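Me: I would like to learn how to read the features of a two-chain model, one at a time. Could you give me the general idea first and then the case at hand?

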There are 2 protein chains.
Amino acid sequence: MNRDFAGLLKEHGVQPSAQRAAVASYVLTTAEHPTAETVWSRVKKHFPMISRATVYNTLNLLTRKGLLRQFVLVDGKTVFDANVGNHHHFIDKKTGRIYDIPWDALEVSRLESLGRFEVSDYHVVVRGRLKSSARRRG
Amino acid sequence: MNRDFAGLLKEHGVQPSAQRAAVASYVLTTAEHPTAETVWSRVKKHFPMISRATVYNTLNLLTRKGLLRQFVLVDGKTVFDANVGNHHHFIDKKTGRIYDIPWDALEVSRLESLGRFEVSDYHVVVRGRLKSSARRRG
DNA sequence: CACGGGTTTAGAATTAGTCTAAGCATAGAT
DNA sequence: ATCTATGCTTAGACTAATTCTAAACCCGTG
């Protein structure tokens with residue numbers, strides 16, 4: 001868990017800094033699909049002086065460099081997802097929480113037949129509710 | 001094209017008014033997946049006094065009444081879609097424009113095997129580019 | 001130590017969307 | 001035609017999310 005985030009950033013063409021490492025160390029290891037504000041508040045606990053602009057800048061930078069993916073959830077908030085591999089999403093209608101669905105759990109067929117649309121990527125957004133039993137964080 | 005929008009609204013339990021009919025006549029007949037701001041600017045051409053709040057109120061009302069669907073596109077803007085039947089979406093990476101993909105054009109399988117996720121609806125978001133030939137508005 | 005490039009900062013600006021309070025419009029009763 | 005209750009519309013204030021700006025900072029190099 002205490003990885004060398006400075007080295008990781010450098011590997012991905014991001015010039016490291018204390019602030020960037022602090023953001024990375026949180027956002028690349030969480031599974032909670034945080035918003036930018038959530039990232040800011042979490043990082044501030046360990047790095048109280050960091051500014052909002054730096055958090056936004058860093059998140060956008062990490063996204064450009066492929067370390068992070070961002071997508072938009074139902075009520076217009078952008079969330080960040082360190083799972084940059086292909087996967088689908090499940091949105092709990094009740095809580096708005098987002099869960100990852102493994103890529104292989106679903107199959108989409110006939111993508112080759114989309115006529116004038118040239119597909120570069122796709123994912124399935126599933127909405128519904130969690131079965132009462134197996135509730136946990138995601 | 002010059003349908004009786006007042007009657008249509010009434011059929012769906014929306015008390016008609018000139019403003020609501022003006023919004024409906026645009027948003028229910030366009031295929032451009034407009035944002036609320038776009039709706040406002042389009043409607044203002046024919047109805048210059050309409051206020052922003054009325055546009056938002058009407059769009060949300062039409063959505064609640066099932067005449068319209070809203071979803072969120074990549075950069076955090078909510079767009080409206082008069083196609084309330086099931087369909088998928090294609091997003092042109094270059095222009096950000098959204099196109100509808102007919103429901104039957106794609107097939108998603110293994111949705112029954114999602115464990116703790118109880119599916120109520122789903123759709124596929126495809127991203128890519130339009131093949132250079134068949135470019136047209138959507 | 002001075003320089004320069006890139007980074008960070010606080011706060012201003014922008015943007016999307018909602019709220020508010022007052023004015024208006026309309027249907028139904030008279 | 002008038003009254004009234006209800007609900008609709010309005011302009012502008014407000015809020016929240018995000019980006020921009022301009023100054024300050026940091027750090028490796030000469």
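Me: How many salt bridges does the rule find across the interface of chain B and chain A?

Reply: A salt bridge is counted where a side-chain nitrogen of Lys or Arg lies within 4 Å of a carboxyl oxygen of Asp or Glu, and across the interface of chain B and chain A this rule finds six. One of these joins Asp121(B) to Arg127(A), with the closest N and O atoms 3.5 Å apart. This is a predicted model, in which local features need pLDDT of at least 70 and side-chain atom pairs count only at pLDDT 80 or more, while totals for chains, interfaces and linings use all residues. Residues are numbered from 1 along each chain as its sequence is written, chains are lettered from A and ligands numbered from 1 in the order in which they are written, and side-chain values use heavy atoms, with hydrogens and water left out.

Me: Which strands of chain B each supply at least two residues of the side that touches chain A?

Reply: Strands (E, at least two residues) and helices (H or I, at least four) are DSSP runs numbered from the N terminus. On the side of chain B that touches chain A, β4 (98–102), β5 (107–109) and β6 (117–130) each supply at least two residues, and β6(B) gives the most, with 14 residues.

Me: How do the strands β6 of chain A and β6(B) run, parallel or antiparallel?

Reply: Two strands are said to pair if DSSP finds at least two bridges between them. Strand β6 (residues 117–130) of chain A and β6(B) run antiparallel and are joined by 13 bridges, and Arg127(A) stands opposite Asp121(B) in this pairing, the two residues that also form the salt bridge described above. Strand β5 (residues 107–109) of chain A likewise pairs with β5(B) in the antiparallel sense, over three bridges, with Glu107(B) as the bridge partner of Ser109(A). Within chain B, strand β3 (residues 87–92) pairs with β6(B) in the parallel sense over four bridges, where Ile91(B) has Arg127(B) as its bridge partner.

Me: What is the area buried between chain B and chain A?

Reply: The size of an interface is often given as the accessible area lost when the parts come together. Buried area is here the accessible area (1.4 Å probe) that two parts lose on being put together, summed over both, and between chain B and chain A it is about 3,400 Å², of which carbon and sulfur atoms give 52%. Arg116(B), Phe117(B) and Glu118(B) supply 20% of the area that chain B buries against chain A, more than any other three residues. Counting contact as heavy atoms within 4.5 Å, the interface takes 38 residues from chain B and 38 residues from chain A.
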